[in-house]
Amino acid sequence: MTWVGVIGSPIEHSLSPVIHRAAWEELCIDGWEYRRIEQDASSLPAFIDGLDDACRGLSVTMPCKQAIMPLLDVIDPLAVAVGAVNTVVPSSGLLVGFNTDVAGIASAIRRACDQAGIPIPGSALILGARATASSALAALGELGITLATVAARRFGGPGSVMTAASRLGVRVEQAMWADLEGVARVATASDVLISTLPAGIADPLAALLAPREGQVLLDAVYTPRDTALRSVFERAGAVVAEGTDMLVFQGAAQVQLMTGQSPHSDVMRQALEDELARRARSGGGGVDS
């Protein structure tokens, strides 16, 4: 049977199967199976080595986005620059890596601005310094945003956003998370705030913010949706780009790479919202892929 899978750890609550299956149904793709496959950096080499010919693609989430790169035959230049792969597609006997998180972030911000009737922001603050932050930095470049600050506890180590900035040819300012009031000042001056931090980590910063009308927030956390950052932006009448849109748009790009067909994002978005509502009723959770 032809199959696609999402790999990472933990993977039990991944929402990728929901949005991919919705896209397949709309595109009339029958007989495909979408699998959740628990993998970490230690088990990944054997898994990749054992992939069968029925596999049409992999969605890749943490902690495998960097670990998978040495195991691939070809990597798209954007994924190389970002330093993270979230999509693998077999092609002519080769495994090819891509990064669709960049498109997901850029499209989510663009949609929010279009809906609010405001121009694309000109300056940005990114919270966090790992794989998603690196994708956010590349997305800012796609949107034409050339002024960016990154706030984090530390900036070194594997998958660092500063390493990605160097490969992307982008200059970014650094703000230390320990100076929370300083980070808040940068946030106040920025047109868009992108948080790639886990749920709850940005709450102390949210308490210091006074967003202005037309300022944009993209919080990658969408379960729970009502984060402290989102709440303070909504109360101020600012613009919120949905974290779910980031997931939908990156998933739509994955479907196109894996099937050669372009799905309608609205169909995927509705399936995602329905599943999140179901999980909320049953007390279930979700992850970022």
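I started with a side-chain pair: Thr87 and Gln254 are joined by a polar contact of 3.0 Å. I count a polar contact as a pair of N or O atoms within 3.5 Å; within protein, one must be able to donate a hydrogen and the other to accept it, and residues adjacent in sequence count only if both atoms are side-chain atoms. This is a predicted model, so I took local features only at pLDDT of at least 70 and side-chain atom pairs only at pLDDT 80 or more, while totals for chains, interfaces and linings use all residues. Numbering runs from 1 along each chain as its sequence is written, and side-chain values use heavy atoms, with hydrogens and water left out.

Where does Thr87 sit? I found Thr87 in strand β5, residues 87-91. Helices (H or I, at least four residues) and strands (E, at least two) are DSSP runs, numbered from the N terminus. Is Thr87 buried or exposed? Thr87 is buried, at a relative accessible area of 0%. My cut-offs: buried is under 20% relative accessible area, exposed is over 50%, partly exposed lies in between (1.4 Å probe, protein chains only).

I then listed the contacts of Thr87, leaving aside neighbours within four places in sequence. They are Leu58, Val60, Val96, Gly97, Phe98, Thr100, Gln254, Leu257 and Met258. Contact means heavy atoms within 4.5 Å.

**Sheet**

Next I traced the strand order. Six strands make an open sheet, β2-β1-β3-β5-β6-β4, with mixed pairing. The edges belong to β2 and β4 (74-75); each has a single partner strand, so one side of each has no neighbour in the sheet. Two strands pair if DSSP finds at least two bridges between them.

I went through β1 (residues 3-8) residue by residue. Six of its six residues are buried. Trp3, Gly5 and Ile7 point one way, and Val4, Val6 and Gly8 point the other way.

Which strands pair with β1? β2 (residues 33-38) pairs with β1 in the parallel sense over six bridges. The chain gets from β1 to β2 by way of helix α1 (residues 16-26), in a right-handed β-α-β crossover. Right-handed means that, with the strands pointing away from the viewer, the path from the first strand over the helix to the second runs clockwise. β3 (residues 55-60) also pairs with β1 in the parallel sense, over five bridges.

Trp3 stands opposite Glu33 in β2. Gly8 has Glu38 of β2 as its bridge partner. Val4 has Gly57 of β3 as its bridge partner.

**Helix α1**

How many residues of α1 are buried? I got eight of the eleven, so α1 is largely enclosed by the rest of the structure. The buried ones are Ser16, Pro17, Val18, Ile19, His20, Ala22, Ala23 and Trp24. They pack against β1, β2, β3, α10 (243-259) and α11 (265-282).

**Backbone checks**

I looked for cis peptide bonds. One joins Ser9 and Pro10, with omega about 0°. Pro10 lies in the loop between β1 and α1. Another joins Thr223 and Pro224, with omega about 5°. Pro224 lies in the loop between β11 (216-219) and α9 (228-235).

Then I checked for positive phi in residues other than glycine. Cys28 has phi near 60°. Cys28 is exposed, with a relative accessible area of 63%. Ser92 has phi near 55°, again positive in a residue other than glycine. Ser92 belongs to the loop between β5 and β6, and is exposed at 78% relative accessible area.

**Pocket**

Ser92 turned up again when I listed a pocket lining. The second largest pocket has a volume of about 180 Å³. What lines this pocket? The lining is Ile48, Leu51, Asp52, Asp53, Cys55, Pro90, Ser91, Ser92, Gly93, Leu94 and Leu95. β5 and β6 (94-98) each supply at least two of the lining residues.

Pocket terms, for the record: on a 1 Å grid over the protein atoms alone, a pocket is an open set of points where a 1.4 Å probe fits, with protein on both sides within 12 Å along at least five of seven lines, and lining residues have an atom within 4 Å of a point. Grid points are joined across faces, edges and corners, and a volume is the space filled by probe spheres set on the points.
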